[in-house]
Amino acid sequence: RDLGEHAALVDRLSRALGPELPMLARDGGFVARGYSPDLDELRTLRDASRKLIAGLQARYARETGIVSLKVRHNNVLGYFIEVSAANAPKMPADGEHFIHRQTLASAVRYTTVELGELETRITSAGDKALALELELFDDLVGEVTGRATEVGRAADAMARIDVVAGLAELAVLRDYCRPVVDDSLAFRIDGGRHPVVEAALAAGTAGAGETAGAFVPNDCDLAPEQRLWLLTGPNMAGKSTFLRQNALIAVLAQTGSFVPARSAHIGVVDRVFSRVGAADDLARGRSTFMVEMVETAAILNQASVRSLVILDEIGRGTATYDGLSIAWAVVEHLHEAARCRALFATHYHELTALAARLDALVCHSMRVKEWKDQVVFLHEVAPGAADRSYGIHVARLAGLPHAVLERAQEVLRTLESGEASGALTRLADDLPLFAAARPAAADVVPAPARPPALEALEQVDPDALSPREALELVYRLRELLRQEGDR
């Protein structure tokens with residue numbers, strides 16, 4: 001398309017604008033020297049006033065033959081010519097060129113019309129220079145505005161080139177592939193990767209929960225017969241990353257970009273819906289769970305067959321059975337009503353039972369390995385359901401106290417035993433926590449003996465001490481501490 005002719009405008013702007021431009025036009029200093037002779041003269045007056053005054057002083061000294069003649073300045077008289085009282089008779093007596101201003105005991109002061117004019121010009125040069133620059137700026141703005149259509153088309157073309165070139169460079173450097181985007185309902189990603197996490201790992205800046213090293217790619221196939229994936233597995237295993245990377249790949253593909261994968265075939269997605277992470281809106285009276293439900297409601301009410309939905313841990317912000325029931329119903333709605341392509345990550349392993357009666361629901365899990373009572377996260381997505389969430393292992397990694405972890409293991413064994421509701425009553429009766437989870441006798445570390453100085457200090461009533469008694473107490477405590485150190 002016609003981008004217009006910009007040579008004349010570019011030439012004028014190149015001549016008019018300086019190399020270093022201020023943030024605001026009102027600061028001035030943006031018009032290049034040589035563009036406006038009038039502006040250059042004003043700037044010379046503003047910036048070189050001392051040089052101009054020195055030149056004028058030298059000329060007056062030559063004209064009068066008074067070598068000691070000076071041009072001075074004060075706030076009362078402004079600029080004036082000063083000669084000593086002894087040299088005053090040498091000044092021209094006509095009073096026309098050198099005009100008498102003031103006589104002092106040791107000096108006589110004069111002025112000239114030329115000096116007065118120069119003073120006026122110097123004083124107003126800065127204001128006039130800025131005013132002239134703003135006039136020139138308005139003139140330049142007017143010319144650019146008059147060519148707004150052509151400039152806009154050129155800017156749009158440059159922006160497109162910039163985006164395409166950036167994406168092309170990214171595709172080459174990060175080994176992206178060209179996706180197939182068509183009008184089908186396909187969504188198959190082979191070896192998909194999260195572009196941001198992958199870059200962070202490569203740069204060594206991965207955050208908590210991301211293992212240093214190469215990013216582990218994963219496949220995702222949301223074909224119509226398996227359009228709803230139920231993803232289980234422990235925290236930190238990569239469920240949220242997997243959800244996000246597939247949504248990002250869908251967005252990148254439909255912007256015309258290559259995508260971080262070995263191959264990708266994506267049927268057009270009308271909208272991407274996401275409910276990932278926890279946040280509240282307390283200013284509007286909304287708790288974290290309320291925000292989650294509002295966002296989930298928006299998704300369920302708007303998702304269509306062509307939508308891509310990613311949901312992470314729906315229902316976790318309320319009571320266990322309430323949350324499980326909500327998550328169960330949401331999965332059914334996505335499958336039966338919305339019929340969209342969706343990834344649903346959850347810790348509710350009970351939801352995997354839905355795979356027996358929902359034809360398009362398939363179960364996948366994040367692979368882990370246990371080694372020497374430790375969990376190794378493989379960050380790989382595999383068919384099937386996770387049998388455990390490994391939450392206590394993650395809690396151990398986070399640094400929870402040993403007693404808390406032991407008690408959690410005990411509670412977990414009781415809950416997983418499937419006993420009647422009486423088990424919960426017994427759990428409550430076992431509290432408090434630390435009494436119920438005391439370490440074995442062999443693991444008990446004897447409590448250290450209390451220092452005598454501490455025992456003595458606890459028996460003191462500081463409000464009842466006189467100054468002398470307080471001083472004696474200090475000496476006594478110091479002696480006790482010395483004795484303790486000798487042991």
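## Close-up views of a predicted model

**View 1. P224 sits in the loop between β7 (218–221) and β8.** The model shown here, and in every view below, is predicted. At 44% relative accessibility, P224 counts as partly exposed. It falls in that class because buried means under 20% and exposed means over 50%. P224 touches L185 and A360, with residues up to four places away in sequence left out. P224 and A186 lie 38 residues apart in sequence, yet their C-alpha atoms are 7.2 Å apart in space.

**View 2. The largest nonpolar core holds 30 residues.** Six of its residues touch the most other members: F187, I189, C220, W229, F242 and L343. Helix α7 (239–254) and the strands β6 (187–192), β8 (228–232), β9 (263–267), β11 (308–312), β12 (341–345), β13 (361–371) and β14 (374–383) each supply at least two residues. The top contributor is α7, with 6 residues.

**View 3. F187 and its contacts.** Not counting residues up to four places away in sequence, F187 touches C220, D221, L222, N246, A250, H265, I266, L308 and R341. A second, separate core has 25 residues, among them M293, L358, L361 and C363.

**View 4. L243 is found in helix α7.** L243 has 0% relative accessibility and therefore counts as buried. Its contacts are L231, I310, L311, D312, L343 and A345, residues up to four places away in sequence not being counted. L231 is 12 residues from L243 along the chain, and the C-alpha atoms of the two are separated by 9.3 Å.

**View 5. Helix α1 (residues 7–16) packs with helix α4 (residues 113–146).** Two packed helices are described by the angle between their axes and the distance between the axes. Here the angle is about 160 degrees and the axes are 11 Å apart. Angles over 145 degrees count as roughly antiparallel, and α1 and α4 are therefore roughly antiparallel to each other. The crossing of α1 past α4 is left-handed. From α1, the contact uses L9, R12, L13 and A16; from α4, it uses D139, L140, E143 and V144. By class, the residues of this contact are 5 nonpolar, no polar and 3 charged.

**View 6. R12 is found in helix α1.** Is R12 buried or exposed? With 15% relative accessibility, R12 counts as buried. The cut-off for buried is under 20%. R12 touches Y35, D139, L140 and E143, once residues up to four places away in sequence are set aside. R12 is one of the α1 residues that make the contact with α4, and D139, L140 and E143 are among those on the α4 side.

**View 7. Helix α2 (residues 37–47) has buried residues L39, D40, L42, R43 and L45.** What covers these buried residues? The cover includes α3 (49–64) and α4.

**View 8. The whole protein chain, for context.** The chain has 15 helices and 14 strands. Of its 487 residues, 35% are buried. Take the contacts between residues at least 6 apart in sequence: 64% of them join residues at least 24 apart.

Methods. Residues are numbered from 1 along each chain as its sequence is written. This is a predicted model: local features need pLDDT of at least 70, side-chain atom pairs count only at pLDDT 80 or more; totals for chains, interfaces and linings use all residues. Side-chain values use heavy atoms; hydrogens and water are left out. Axes are lines fitted to C-alpha atoms, for helices over the stretch in contact, and angles run from 0 to 180 degrees between N-to-C directions. Helices (H or I, at least four residues) and strands (E, at least two) are DSSP runs, numbered from the N terminus. Angles under 35 degrees count as roughly parallel, over 145 as roughly antiparallel, 65 to 115 as roughly perpendicular and the rest as oblique. A crossing is left-handed if the near helix is turned anticlockwise from the far one by less than a right angle, and right-handed if clockwise. Contact means heavy atoms within 4.5 Å. Ala, Val, Leu, Ile, Met, Phe, Trp, Tyr, Cys and Pro count as nonpolar, Asp, Glu, Lys and Arg as charged, and the others, Gly among them, as polar. A nonpolar core is a set of buried Ala, Val, Leu, Ile, Met, Phe, Trp, Tyr and Cys residues joined through side-chain atoms within 4.5 Å. Buried means under 20% relative accessible area, exposed over 50%, partly exposed in between (1.4 Å probe, protein chains only).
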